[in-house]
Amino acid sequence: MSGIAKATPEIAPATGEHAGEISSKGLSAGTVGLIGAVVIGISCIAPAYTFTAAIGPTASVVGQQIPAIILVGFIPMLLVAFGYRELNNRMPDAGTSFTWAARAFGPWVGWLAGWGLVVATILVLSNLAGVAVDFLFLLLAQITGNPDIATIATGTGPLAIGTWINIVVCLLFMVGATFVSYRDMQTTQKLQYVLVTFQIVVLVVFAVTAIVAAVSGNGFDYLPFDLNWFNPFAVTSFSAFAAGLSLSIFIFWGWDVTLTMNEETKDPDKTPGRAATITVLMIVSLYLLLAVAMIMFAGVGTGELGLGNEAIQENVFFHLSGPVLGPLAFLVSLAVLTSSASSLQSTFVGPARTLLAMGHYGALPPSFAKVSPRFFTPGYATIVSAVVASVFYAVMRVVSENTLWDTILTLGMMICFYYGLTAFACVWYFRKQWFDSARNVLFTFLFPLVGGVILAILFFTTLIDSMDPAYGSGAQIGGIGIVFILGMLIIVVGILIMIWQAIKRPDFFRGKTLSMDAPPSVRRSRQTV
């Protein structure tokens, strides 16, 4: 009976002494340590995949200042991470952005923050599965020495079978990731230890080998190391800074998964926040090493292997792997495949636990609050996330590959939306404690405020720019860019679902199951005493 009770916890109380308080959801507590949380955080970011897709376009915009722009883009992520850490210290809850925004601003804003997180991660899930498919066939082409194999799932080429094979293989990846995510967190950790370790080792070996080859005179377009690459003031245009911030949204996103596991971590008040900070610092260090290595080896020009060459920008690692690693080039494709596949699995952690929290507090149907009686994981929410992501990918792939890319551009807006809301939630929630200490001024007020403002500016800038049909793939409806339409459609659909849930489940929206709160000033309390 105890196992069943834990697997199907009651909905948060709407009445009584504990109405509106943070409450447990039946997850398996104490199963994730600091190292495990960091590994899952790195996996979710998928550094091999994200960096190979981002470095080329960034080189075209800022040239040799790639390291500087990475640092500039890193700043808002770090500032927001500090806000996440403070909120988690006070309220460890699997709902993260949803729960914290509801506690700070009320149920309506909290619901939208949760919606933003869930939609963003479902968009990413569908994209990661597609990337895993592409790199699977690229890897097979490298191993067999037959480049035509890479065209099997593209719909064009000598061995092309068609779009359906791409969808079928994608769904197989999705089924595998769902199976692992449905099982206990120990299974997830064990898998991620292997996948993430392999990915990081290959990336570091690639970077070191590229630097050695460049210094030895075997680089494509050798550039000697220059500390000025790290100088953000050498980036002369505002558009380049804007590009850097957009880059950060893409290459750093995913670290917050360490917080969504807070009810399953050891020492939940401290471990998730520490894991988030360590994850972000490790990722920025890896990105800087890779950026320096690629600049030294290939340069930033438009030559055959130059980072500014548009022909290789879609997959820089693939094109540089042969010249850098020779016969071991297939390891790079395997690393990117591993990166996307491992991220596909670990990314399930975020939306599943957010949906679990929304069901637990009555913001969604109670079925979302169901926890597997065997594994103590949010089984129902995990399966729903997988089904929605799979259907979305299949539909978008049939409609247009460009449409799928447009949805990824829309992803940036959603991330800015819920990251920004969470940062502001930190500022407002701790408003009575801002000046209790110098530390509070920095970590509960200044840092999250600046991070939130930066993300808000980027959100509205992207929203305005995306109205232009030239933004993204060029697709448009009635002269308005498809990225803007997708972004607004997601927000409007979220609002409509929220209104429907408010009619069906009014307790949450009246603050009865999760109420607003603001901790009092500790200093004033002491002065009163």
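1. Which residues line the second largest cavity? They are Cys44, Leu117, Thr121, Trp253, Gly254, Asp256, Val257, Thr260, Ser346, Thr347 and Gly350. A cavity here is a set of points, on a 1 Å grid over the protein atoms alone, where a 1.4 Å probe fits but cannot get out, and lining residues have an atom within 4 Å of a point.

2. Before you go further, please keep in mind that this is a predicted model, in which local features need pLDDT of at least 70 and side-chain atom pairs count only at pLDDT 80 or more, while totals for chains, interfaces and linings use all residues. Residues are numbered from 1 along each chain as its sequence is written, and side-chain values use heavy atoms, with hydrogens and water left out.

3. Back to that second largest cavity: its volume is about 70 Å³. A volume means the space filled by probe spheres set on the grid points, which are joined across faces, edges and corners. Helix 6, helix 10 (257–260) and helix 13 (330–347) each give at least two residues to the lining. Helices are DSSP runs (H or I, at least four residues), numbered from the N terminus. The lining divides into four nonpolar, six polar and one charged. In this count, Ala, Val, Leu, Ile, Met, Phe, Trp, Tyr, Cys and Pro are nonpolar, Asp, Glu, Lys and Arg are charged, and the others, Gly among them, are polar.

4. How many cavities of 30 Å³ or more does the structure hold? There are three. The largest cavity has a volume of about 120 Å³, and of the 13 residues lining it, Tyr49, Thr50, Val124, Phe250 and Trp253 are the closest to its centre. At least two lining residues come from each of helix 2 (34–45), helix 3 (47–62), helix 6 and helix 16 (401–429). Helix 6 gives the most, with three residues. By class, this lining has ten nonpolar, three polar and no charged residues.

5. Now for a pocket, which is an open set of points with protein on both sides within 12 Å along at least five of seven lines. The second largest pocket has a volume of about 520 Å³. It is lined by 21 residues, and Trp115, Val118, Val119, Ile122 and Val388 lie nearest its centre. Helix 6 (107–144), helix 14 (349–360), helix 15 (379–399) and helix 18 (482–504) each supply at least two residues of this lining. The classes here are 18 nonpolar, three polar and no charged residues.

6. Next, have a look at how helices pack. The axes of helix 2 and helix 11 come within 9 Å and cross at roughly 50°. Axes are lines fitted to C-alpha atoms, for helices over the stretch in contact, and angles run from 0 to 180 degrees between N-to-C directions. Helix 2 and helix 11 are therefore oblique to each other. Angles under 35 degrees count as roughly parallel, over 145 as roughly antiparallel, 65 to 115 as roughly perpendicular, and the rest as oblique. The crossing of helix 2 and helix 11 is right-handed; a crossing gets that name if the near helix is turned clockwise from the far one by less than a right angle, and is left-handed if anticlockwise.

7. Which classes of residue make up the contact of helix 2 with helix 11? By class, it has ten nonpolar, three polar and one charged residues. Contact means heavy atoms within 4.5 Å.

8. Helix 7 (residues 163–182) and helix 13 have axes that come within 8 Å and cross at roughly 50°. These two helices are therefore oblique to each other, and their crossing is right-handed. Phe173, Met174, Ala177, Val180 and Ser181 of helix 7 make the contact with Leu337, Ala341, Leu344 and Gln345 of helix 13. Those residues divide into seven nonpolar, two polar and no charged.

9. Finally, helix 11 (residues 271–298) and helix 12 (residues 316–325) pack at an angle of about 60°, with their axes 12 Å apart. That makes helix 11 oblique to helix 12. Their crossing is left-handed. Leu290, Met294, Phe297 and Ala298 in helix 11 meet Val316, Phe317, Leu320, Pro323 and Val324 in helix 12. The contact has nine nonpolar, no polar and no charged residues.
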